[in-house]
Amino acid sequence: MKAGTALSAVTLAGMGATRPARATQSGNFDSTTVRTLAHQLSQQAYQAPSQSLPSALRNLNFDQYNSMAFRSEQALWHGENLGFDVEFFPRGYLYAPRIDMNEVIDGQSRPIAFSPDMFTYNDPALRVSEDIGFAGLRLRAPINTPGVMEEFCVFLGASYFRAVAKGQNYGLSARGFANGTGDPKGEEFALFRAFWLEKPKAGVDSVVIHALLDSPSLVGAFRFTIRPGETTVFDVQSYLYPRKAIAESGIAPLTGMFYFDANDRTRVDDWRPAAHDSEGLSMWTGSGQQLWRPLRNPRDLQFSAFSDVRPHGFGLMQRKRAFTDFEDVSLNYEKRPSLWIEPIGDWGAGSVDLVEIPTPNEVNDNIVAFWRPQDALAAGHEYVFTYRMYWGWDTPWPTKLARISATRVGEATDDSHTRFFDLDFVGTPFDTLPEKPHFHLQCRTSAGEIRNVVVEPVPPIHGWRSTFEFAPGDAKVAELNCVLADDNGPVSEEWVYRWTP
């Protein structure tokens, strides 16, 4: 794309020094409009969107904000039998920035106007007549019951968005871009500051949303093609334009919560077996390795990088799917989605990075995973990343390898400084077994010693279990790797684990 390309008829109004940028003008719209807008905006200094609110909406608490409910009959495309409609979030509480909303019909864009009549108010004082705009949007479709419109996707707050598949509850989130995640100097959060919603045709099972990403360091143009269902799929085209060099970029970032499970509950006094959005990071490397990294709630921030070239995919996964895995009737962790990222095209060299942040409760998101390109993003360049997101119950591809269904860690019985590990394997390799199967565990550690390895069948889970002891010695950190094998070689994915005291 050449600099100076015309902005079509959609522009950022008010680019003067005294007014924040807004993307609200009517005009022609095509597949290059937001991309062109993002490129030109990246040549200018960053201006944050307006956060000014009427006094009645300043300093709202959680309950006050949630008391302003969108009227479903006011939804965009309501009653038009298009398979989708769109509701909007009010501004206030944690969501002060004004986010511009536009509808696109047959190549023409028009602003979506705010009206106080779009909402109901438990407190009449919260109803304001000013044109305050919106904070975000939610998509609805008959995802669970024919003819019943239900929310399945939300874009709200910074560049966060989340979705569910049929029968699921919300859990982890995704973001448009990450910058400096895990850096002690602090993280910069980009913002989706404008959306363009393409009106779908009748009978089409997908909806297209364009979004303009903005931050002091970078501008981006995103195109989401979204298909809800048994697995909810997003096709994502992203074009990134750095204003300045970015050394710690994060592509396709995923954010979730891990509080505790059987592998890490040392500091937790809780009656439930587990509490988390996701239990592990799954990776399918460019060389064909399938890796499983159980998540932890560490004492200190942990940053892990898994170097790769042309990755097949990665994701934060929830493999436990029984109510008894969590025993929580209100939070239903067993119904929270896994999210798998499938790169489209050659992403080159880089790493899947994992950030684990200590959390004292299950309120805070403390897990982040993303792709970090090997080279820094240079100012003034265009970077294109295309990928597919699968929000669902599992990875979208089958595997012939056994998978780790549980990781349990505890104190060894004869030594309080030694840790006892229990790994359960289930899957295809155990469907048909010879009369005397011979499995063994191949283990290695970067520090300390692995000893007393045992492998045995576990008929109740139709799988196999391996246990071992890990003596860390004086080590402060150790990287453990294990894979189940038979006489012909590995039969399972590779278990990778970071031990810290």
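In which strand is Asn 452 found? Asn 452 is found in strand β30, residues 449–458, where helices (H or I, at least four residues) and strands (E, at least two) are DSSP runs numbered from the N terminus. The model is predicted: local features need pLDDT of at least 70 and side-chain atom pairs count only at pLDDT 80 or more, while totals for chains, interfaces and linings use all residues. Residues are numbered from 1 along each chain as its sequence is written, and side-chain values use heavy atoms, with hydrogens and water left out. The protein chain is assigned domain 1 (27–392) and domain 2 (403–499); such bounds come from an automatic or database domain assignment.

**Domain interface**

- The C-alpha centres of domain 1 and domain 2 lie 35 Å apart.
- In domain 1, 16 residues are in contact with 13 residues of domain 2, contact meaning heavy atoms within 4.5 Å.
- About 1,400 Å² is buried between domain 1 and domain 2, with 44% of it on carbon and sulfur atoms; buried area is the accessible area (1.4 Å probe) that two parts lose on being put together, summed over both.
- Of the area that domain 1 buries against domain 2, 34% is supplied by Asn 263, Trp 292 and Arg 319, more than by any other three residues.
- One salt bridge is found across the interface of domain 1 and domain 2, a salt bridge being a side-chain nitrogen of Lys or Arg within 4 Å of a carboxyl oxygen of Asp or Glu.
- Glu 493 and Arg 319 form a salt bridge in which the closest N and O atoms are 2.7 Å apart.
- The interface of domain 1 and domain 2 also holds 13 residue pairs in polar contact, both residues at pLDDT 80 or more. A polar contact is a pair of N or O atoms within 3.5 Å; within protein, one must be able to donate a hydrogen and the other to accept it, and residues adjacent in sequence count only if both atoms are side-chain atoms.
- On the side of domain 1 that touches domain 2, the elements giving two or more residues are β20 (290–294) and β21 (302–309). Strand β20 gives the most to this side, with five residues.
- The residues on this side of domain 1 divide into six nonpolar, five polar and five charged. For this division, Ala, Val, Leu, Ile, Met, Phe, Trp, Tyr, Cys and Pro count as nonpolar, Asp, Glu, Lys and Arg as charged, and the others, Gly among them, as polar.

- Asp 424 lies in strand β28 (residues 415–426). At 2% relative accessibility, Asp 424 counts as buried; buried means under 20% relative accessible area, exposed over 50% and partly exposed in between (1.4 Å probe, protein chains only).
- The side chain of Asp 424 makes polar contacts with the side chains of Arg 408 at 2.9 Å and Arg 465 at 2.6 Å.
- Beyond its neighbours within four places in sequence, Asp 424 is in contact with residues including Ile 404, Ile 461 and Trp 464.
- Asp 422 forms a salt bridge with Arg 465, the closest N and O atoms being 3.3 Å apart. Asp 422 lies in strand β28 and Arg 465 in strand β31 (residues 463–471), so the pair ties together parts 43 residues apart in sequence.
- Asp 422 is buried at 8% relative accessibility, whereas Arg 465 is partly exposed at 23%.

**Further salt bridges**

- The structure holds 35 salt bridges.
- Arg 336 forms a salt bridge with Asp 277, with 2.6 Å between the closest N and O atoms. Arg 336 lies in the loop between β22 and β23 (338–344) and Asp 277 in the loop between β18 (275–276) and β19 (280–284), so this pair ties together parts that are 59 residues apart in sequence.
- Arg 336 counts as buried at 12% relative accessibility, and Asp 277 counts as buried at 3%.

- Helix α1 (residues 33–41) is mostly covered, with seven of its nine residues buried. Among the elements that cover these buried residues are β12 (191–198) and β13 (207–214).
- Asn 452 has a positive phi of about 55° although it is not a glycine, and counts as exposed at 52% relative accessibility.
- Arg 310, in the loop between β21 and β22 (313–317), has a positive phi of about 50° although it is not a glycine.
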